[in-house]
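Colleague: I have a structure open here and would like to go through it with you. Shall we begin with one of the sheets?

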Amino acid sequence: MRTRMKDQWPTLLVAALAGTFGVLLLHVTGLLAAAIRADDVTGESDTVALMLGFVATVFVVIAVYVSAIVTSNTVATVVAGRTRTIALLRLIGSSARAQRAQIAKEGLVVGIAGAAIGVLAGTGAAFGVEQFAVANRMLPPTEYDYLNPAVVLPAIAVVLTTWLASWVGSRRVLRVRPIEAISNSNAQDREELGRRRGRNVTAIVLVAIGIGLLVTGVVVGLTDPMGVLIGLAGGILSFTGVVLGADVVMPPVLRLVGRLFGRSPAARLAAENAVRNPERSSRMTIGLVIGVTLVTTFSVTMESYRAMLLAAQEAQPEVYAGIDDMLNATIAVFTVLIGFSALIAAIGMVNTLSLSVMQRTRELGLLRALGFDRGQLRRMIVVESAALTVAATLTGLVLGFGYGWAGAQALLGGAQGDPVFVMPGVPWVMVGVLIVAAGVLTLVASIAPARRAMRVSPVVALAVD
Amino acid sequence: MQIQPSDLGLIARVAGLAKRYGHGAGAVTALDDVSLGLRRGEFTAIMGPSGSGKSTLMHIMAGLDSPTAGRVWLGDTDITELGDAALTVLRRRRIGFIFQSFNLVPTLDVRGNVMLPFELDGRRPTQDEQAWIDELFDTLGLGGRLTHRPHELSGGQQQRVAIARALATRPDLVFADEPTGNLDSRTGREVLGLLAVASARYGQSIAMVTHDPVAASHADRILFLADGKIVRDAGRSTPEEISAFMLSMELAA
Ligand SMILES: Nc1ncnc2c1ncn2[C@@H]1O[C@H](COP(=O)(O)OP(=O)(O)OP(=O)(O)O)[C@@H](O)[C@H]1O
Ligand SMILES: [Mg+2]
């Protein structure tokens, strides 16, 4: 079973990144809290430290959640690739449960390793940040103790979620039938989407309630800024619904986006490939959707806020002096923190796409035999990668604009006495960065699979294994 | 003036063909000085024990693999030293393939699979070609299944689609490597019958590798390979004659 650990390295990378992020954030929060406590003015109040801890927890939870989705998808993809082997082992008498337990055990080992790496790397990074900040007088020297027992929390979270995600992702093992070891027909790699009704109903209910609350929040916000809290609850509920219902939401988006790339054979096959495993594609894209939605929501709200502040600044320049810089710094910090989850999701996409293409070697050989040239194969894979990235980015942007506007409207609609319509601010820089990032991700995700695809010899299509 | 393969009525020809894998003591000679010509419009079966070099011969003749020595022609084109791009176009336009399994692109329906070679060429079938494709769908009994995906078809139906695709562009030569290897004997016989009809009625040249004497008995000509050499070149034969020869080959080995 040694060799089987080899396809687990992406999971290790994801676990290590999530662990590093969690530990780093915890240390930095601790450092800031220590600095605040040392400060004469703010030292008295615990509120700031508490708020910091709360915000850090939210970001760590998001990162760990996204990495769990990524891990379960990676494991499911690995299992799909091992179907033949698993079927053979089943054929000679191994039970499906034993096979699944084996994979979950690998997940546990990988989770522990990832958490360990995370604690070391996160602590190291936090130390680096402190040295840098102190040297540049951004932070006073503090007595912060790096043996903060709280770091076991993100570590434990990483171990548990990696283990659990491996268990969830290995569900497909139970469906592998021993006969698949000897059957030689066209691979049936579609995954059934039945048995999902319960989940979909929950998703729809959440989205409906969430939208209701969002609307209520916006209406209440016309007279009372507390409307934003109602809106926030609505946002969280409806977005949870979208994430739960990703299997239903993402495939149509992927189909639509797939059409944008034209009707050439390479583009058409790419569009089909992007949805051939609806479950896999949904999980591949939903992590990115989460990241993009959060970043967009946040920056649209802030941008609307900024527009209002700038208007106020024109009226009373002395009161609002320097507010722009502070806003920019806040936006930058938060975007980076949220962006980390998007990075984990992106790694997941790169890896899953690579695995999927590897599992299609035979089909690539067939296409070569039928007359696809190398350029067409490469185009096919780049377009598949682009379809996934574009679908995720677009969905995230649309959702984020909706949420961002609702947030701004609820927060600011009644802030100046009279109910007003708040124009959603468009954070052009952020949109630009997202588009560039999507382009880079498309290319990065397709480099390795495209290169491998171009090396496939048509002879493999004729080979009977 | 040089004599072209087509002047001899040949659709494909190899001369002095050799294929070796590996070097030194571990080297395997898959093909050893093979020379042969396939005649236009004929249905040729290639037989021989496992490992005798049948698949290797076919891969090289189809431009999927390159020989260690010797030359290969398809029609009058010397394909021995053609580059990848030229070979790709050649496969697209002038060669049809039927494999033992995994013949069809799983994400395309029946019609999409059959039309794929045309689309790769960036063109629509002409009216004449479309009529031919419709006739193929009809003859192969695929009329009602054009929008089905491969996983919705039985093994025999999948092979019929593969046949339709291989014949659709009216290629110079169709290569089939154990096309019935995965089918039960009745379905296999039906599929073979269709290949034989394509050759007899429409003059399609076909080269088919098979282990099955009944399958080979549909062919106009049967080549026997052993240890990378052609050991017998026979005309149409009965399954009994073919079995008898195969058996004698095994006993001699
Ligand atoms: N890629 C390769 N590397 C090394 N040896 C190879 C390779 N491909 C084929 N061979 C060897 O070449 C010889 C001929 O193989 P080939 O596949 O042509 O046989 P075959 O007649 O098609 O057999 P079968 O009936 O089992 O399909 C065999 O000894 C095989 O082991
Ligand atoms: Mg063979």
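This is a predicted model: local features need pLDDT of at least 70, side-chain atom pairs count only at pLDDT 80 or more; totals for chains, interfaces and linings use all residues.

Colleague: Which residue is the bridge partner of B:W73 in β5(B)?

Modeller: The partner of B:W73 there is B:D78.

Colleague: And what actually holds paired strands together in general?

Modeller: Strands of a sheet pair through backbone hydrogen bonds, and the pairing is either parallel or antiparallel.

Colleague: How many strands form this open sheet of chain B, and in what order?

Modeller: There are four strands, in the order β2-β1-β4-β5, and their pairing is antiparallel.

Colleague: Which strands stand at the edges?

Modeller: Those are β2 (28-39) and β5 (77-78) of chain B. Each has a single partner strand, so one side of each has no neighbour in the sheet.

Colleague: Which helix lies across β1, β2 and β4 of chain B?

Modeller: That is helix α1 of chain B, residues 54-61. This helix runs at about 60 degrees to β2(B).

Colleague: Where are B:R170 and B:D227 placed?

Modeller: B:R170 is in the loop that joins α5 (155-168) to β7 (173-177) of chain B. B:D227 is in the loop between β9 (221-226) and β10 (229-235) of chain B.

Colleague: Is B:D227 buried or exposed?

Modeller: B:D227 counts as exposed because its relative accessibility is 67%, and the cut-off for exposed is over 50%. B:R170, with a relative accessible area of 40%, is partly exposed.

Colleague: What about B:A85, where does that residue lie?

Modeller: B:A85 lies in helix α2 of chain B, residues 84-94. At 54% relative accessibility, B:A85 counts as exposed.

Colleague: One last point: what is the mean pLDDT of chain A?

Modeller: The mean is 85, and 92% of the residues of chain A reach 70 or more. Over residues 184-193 of chain A, however, the pLDDT is below 50. Beyond near neighbours in sequence, that stretch has 27 contacts in the model.

Technical notes. Residues are numbered from 1 along each chain as its sequence is written. Chains are lettered from A and ligands numbered from 1 in the order in which they are written. Side-chain values use heavy atoms; hydrogens and water are left out. pLDDT is the predictor's confidence in each residue, from 0 to 100. Contact means heavy atoms within 4.5 Å. Helices (H or I, at least four residues) and strands (E, at least two) are DSSP runs, numbered from the N terminus. Buried means under 20% relative accessible area, exposed over 50%, partly exposed in between (1.4 Å probe, protein chains only). Two strands pair if DSSP finds at least two bridges between them. Axes are lines fitted to C-alpha atoms, for helices over the stretch in contact, and angles run from 0 to 180 degrees between N-to-C directions.
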